[in-house]
Amino acid sequence: MSEEEQRGRGAASVHRVGGLLGDLQAADEQPVPRRRADAERNRAQILAAAERLFAERDPRSVTMDRIAKAAGVGRATLYRSFPDPSSVAVALLDEHERRLQGQLIYGPPPLGPGAPAGERLAAFYLAMLDLLERHLPLALGAETGPARFRTGAYGFWRVHVRTLLVGHGIEDPDPLIDIALSPLSPELFQFQRHELGLSAERIGRSLTVFARQLLQSGGGR
């Protein structure tokens with residue numbers, strides 16, 4: 001397993017001093033659990049309402065006003081948690097993407113470590129197609145256009161694909177990373193599935209062949 005694929009989380013510690021200052025800090029901290037509970041409840045309402053909106057209409061037509069009204073919260077409350085509709089979609093999609101990321105690092109082959117690079121890339125394509133099939137409105141809302149290249153998830157996918165390319169022996173992997181990821185664009189998937197009428201299985205078969213051929217070509221060892 002590549003260390004590049006592992007992500008750590010730092011833990012912050014809070015130190016309280018004694019005496020009067022410590023008492024003032026303690027008093028000041030008393031309302032925090034209540035505020036946090038309110039914030040978590042509002043966040044849950046916002047995400048639930050937004051998921052319905054993204055599923056019911058064109059994700060690009062979902063506005064902050066619509067999300068606030070559907071969630072039953074004020075605009076100020078909504079903007080304290082999210083700056084725009086895309087960030088709401090990113091938060092919804094994040095849980096599904098994190099599950100896949102865990103499988104890429106710790107899961108069994110061929111999705112996880114232990115299989116040849118071409119087989120792992122093919123398995124990754126199939127897993128991503130499944131995610132797009134089940135959560136396309138969220139992916140369109142979160143990752144439409146150039147913004148998709150700046151999401152944390154896309155950065156993770158880049159690291160994963162680069163690891164496969166390097167492991168296969170590709171001498172200059174960096175220009176190839178985004179080419180390898182380009183078939184997974186939500187807009188492209190929507191076009192193929194809903195305008196061309198291609199089945200997810202048919203797209204998956206083609207991408208499996210593409211993955212194997214890509215990593216059978218020159219530069220590998």
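## Salt bridges

The model has eight salt bridges by the rule used here. Keep in mind throughout that the model is predicted.

Select R212 and E119. They form a salt bridge, and their closest N and O atoms are 3.0 Å apart. R212 sits in helix α10 and E119 in helix α6, so the partners come from distant parts of the chain, 93 residues apart. Are these two residues buried, exposed or partly exposed? R212 has a relative accessible area of 35%, which means that R212 is partly exposed. E119, at 31% relative accessibility, is partly exposed too.

Now select D178 and R158. This salt bridge has its closest N and O atoms 2.9 Å apart. Because D178 lies in helix α8 and R158 in helix α7, the pair ties together parts that are 20 residues apart in sequence. D178 counts as partly exposed at 29% relative accessibility, and R158 counts as partly exposed at 28%.

Next, select R162 and D174. What is the distance between the closest N and O atoms of this salt bridge? In the salt bridge of R162 with D174, that distance is 2.7 Å. R162 belongs to helix α7 and D174 to helix α8, and the two are twelve residues apart. R162 is partly exposed, with 26% relative accessibility, and D174 is partly exposed, with 37%.

## Helix α5

Select residues 85–106, which make up helix α5. How far apart should the ends of its 22 residues be? At 1.5 Å a residue, the helix should span 32 Å, and the end C-alpha atoms are 32 Å apart, so the two values agree. Then centre the view on D94, where α5 has a kink of about 40°.

Colour the buried residues of α5, among them V88, L92, L93, H96, L100 and L104. An α-helix has 3.6 residues a turn, so residues three or four places apart point the same way. The buried residues of this helix also include P85, S87, E97 and Q101.

## The nonpolar core

In soluble globular proteins, nonpolar side chains tend to be buried together. The largest nonpolar core in this model has 58 residues. Select I67, L121, F124 and W157, which have the most contacts inside this core. Helices that each supply at least two residues of the core include α2 (32–56), α3 (64–71), α7 (152–168) and α10 (200–214). Which helix gives the most to this core? That helix is α6, with 16 residues.

Zoom in on L121. Leaving aside residues up to four places away in sequence, L121 touches V161, L164, A211, L214 and L215.

## Aromatic rings

A pair of aromatic rings is described by the distance of the centres and the angle of the planes. The model has five aromatic pairs by the rule used here. Select F149 and Y154 to see one of them: the ring centres are 5.2 Å apart and the planes are at 85°, so the pair is edge-to-face. F149 is partly exposed at 47% relative accessibility, whereas Y154 is buried at 4%.

As the last stop, select F124, Y125, F156, W157 and F210, which ring pairs link into a cluster.

Note on methods:
Residues are numbered from 1 along each chain as its sequence is written. This is a predicted model: local features need pLDDT of at least 70, side-chain atom pairs count only at pLDDT 80 or more; totals for chains, interfaces and linings use all residues. Side-chain values use heavy atoms; hydrogens and water are left out. Helices (H or I, at least four residues) and strands (E, at least two) are DSSP runs, numbered from the N terminus. The expected span of a helix is 1.5 Å times one less than its number of residues. The bend at a residue is the angle between axes fitted to the seven residues ending there and the seven starting there. Buried means under 20% relative accessible area, exposed over 50%, partly exposed in between (1.4 Å probe, protein chains only). A nonpolar core is a set of buried Ala, Val, Leu, Ile, Met, Phe, Trp, Tyr and Cys residues joined through side-chain atoms within 4.5 Å. Contact means heavy atoms within 4.5 Å. A salt bridge is a side-chain nitrogen of Lys or Arg within 4 Å of a carboxyl oxygen of Asp or Glu. Rings of Phe, Tyr and Trp (its six-membered ring) pair if their centres lie within 6.5 Å; planes under 30 degrees apart count as stacked, over 60 as edge-to-face and the rest as tilted.
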